[in-house]
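Subject: Structure for you, with notes

Hello,

Please find the structure below. My notes on it follow.

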Amino acid sequence: MKKRFEKTFLSRMLTKRNLSISLIVALILTSCSKNNEEMMTEAQTDAFNSANIKQGKLGGQVITYERKNGMNFFQGDIVLSDKQLAEDNSANKGGATLSRWPNGKIYYTVASNMGSINANKITSAVNEYNTKTNTQWIPRTNQSNYVEFIFGSSSGYDGWAHIGYQGGKQNISLDQNISTASVIHEMGHTVGLYHEHCRKDRDQYVSIQWDNIQSGQAYNFNIYNSGTDIGPFNINSVMMYWPTSYSKNGLPTIKKADNTNFTYNRTGFTTGDINTINAMYP
Ligand SMILES: [Zn+2]
């Protein structure tokens with residue numbers, strides 16, 4: 001996605017927003033830094049419906065999530081199972097969920113309608129995990145516990161994933177225009193990572209710009225106290241929101257704690273990401 005097109009896209013979305021709220025697909029614009037080829041978002045493009053906003057308990061903490069298409073979306077693109085929300089114990093706590101894949105082995109399949117472009121991104125992302133982390137993503141043969149990459153939409157830029165090891169079949173959804181690094185991000189949720197900006201210590205490092213957040217979306221910026229924070233806060237993490245996530249006006253919703261802007265990373269793993277995953281899967 002070239003910057004020139006991005007501006008056009010922004011203008012178009014702003015116009016649509018004025019015309020009809022139901023036409024809003026996204027106000028999430030990236031300031032593509034290193035990777036200008038693709039627009040990078042993760043499941044933040046659906047129209048907001050306050051009736052779908054629910055409260056539940058995760059790891060003993062009351063959290064707010066969105067019920068959509070029969071699924072529970074937490075922090076935008078993380079899908080919690082009904083079981084996870086019902087457990088009310090520490091079994092799924094995490095930054096870092098405790099529901100880890102046995103021996104770090106993650107068996108996967110790719111839906112037959114995925115298409116070669118996304119299949120290639122999956123191959124690249126799997127290669128990143130298999131060469132840089134202690135998790136191993138292995139094509140499924142007959143395993144009963146596995147993840148399937150499913151196709152989201154032909155026009156979208158998003159993805160979502162179930163958090164941590166679920167048991168049985170679980171999914172990672174990828175739209176046609178998602179970036180490889182966002183595939184890596186979604187796979188991060190599969191191994192058990194939540195978002196970096198929800199860490200308990202985040203206010204030392206970032207400043208949430210509450211006034212710039214779209215109506216009804218502020219809960220996506222709540223700290224997740226029940227998480228286990230591993231390693232130092234990493235603003236360049238592939239699990240960080242980007243600076244204008246859920247912005248209603250194009251202005252940053254997250255800045256550095258000193259009120260300066262940061263450049264987000266969707267180019268791939270940082271050393272901190274690798275260290276975190278390897279701490280979870282020693
Ligand atoms: Zn995410």
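Phenylalanine 73 and tryptophan 160 are both buried, a term used here for under 20% relative accessible area, with exposed over 50% and partly exposed in between (1.4 Å probe, protein chains only). Before the rest, the terms of the model: it is predicted, so local features need pLDDT of at least 70 and side-chain atom pairs count only at pLDDT 80 or more, while totals for chains, interfaces and linings use all residues. Residues are numbered from 1 along each chain as its sequence is written, and side-chain values use heavy atoms, with hydrogens and water left out.

Aromatic pairs

Searching the whole structure gives 16 aromatic pairs. Rings of Phe, Tyr and Trp (its six-membered ring) count as a pair if their centres lie within 6.5 Å; planes under 30 degrees apart are stacked, over 60 edge-to-face, and the rest tilted. One of the pairs is phenylalanine 73 with tryptophan 160, edge-to-face at 5.9 Å centre to centre and 90° between the planes. This pair links distant parts of the chain, 87 residues apart: phenylalanine 73 is in strand β3 (residues 71–74) and tryptophan 160 in strand β8 (residues 159–162). Strands (E, at least two residues) and helices (H or I, at least four) are DSSP runs, numbered from the N terminus.

Phenylalanine 221 and tyrosine 246 also pair edge-to-face, with 6.2 Å centre to centre and 75° between the planes. Both lie in the loop between β10 (206–208) and β11 (254–256), so the pair ties together parts 25 residues apart in sequence. Phenylalanine 221 is buried at 0% relative accessibility, and tyrosine 246 is buried at 4%.

Tyr108, Tyr129, Trp137, Phe149 and Phe269 make up one aromatic cluster.

Charges over rings

The ring of phenylalanine 73 has the charged end of lysine 68 over it, 4.5 Å from its centre. Likewise, the charged end of arginine 140 sits over the ring of tyrosine 146, 3.8 Å from its centre. The criterion is NZ of Lys or CZ of Arg within 6 Å of the ring centre and within 35 degrees of the ring normal.

Zinc site

The zinc ion is coordinated by Asp77 (OD), Asp77 (OD), His185 (NE2), His189 (NE2) and His195 (NE2), at 2.0 to 2.3 Å. Donors are N, O and S atoms within 2.8 Å of the metal (3.2 Å for Na, K and Ca); water is not among the atoms, so sites may look incomplete. Along the chain the zinc donors are spaced D-x107-H-x3-H-x5-H. Histidine 185 and histidine 189 are about one helical turn apart, because they are four residues apart in helix α4 (residues 180–191). Histidine 185 is buried at 0% relative accessibility, and histidine 189 is buried with a relative accessible area of 0%.

Regards
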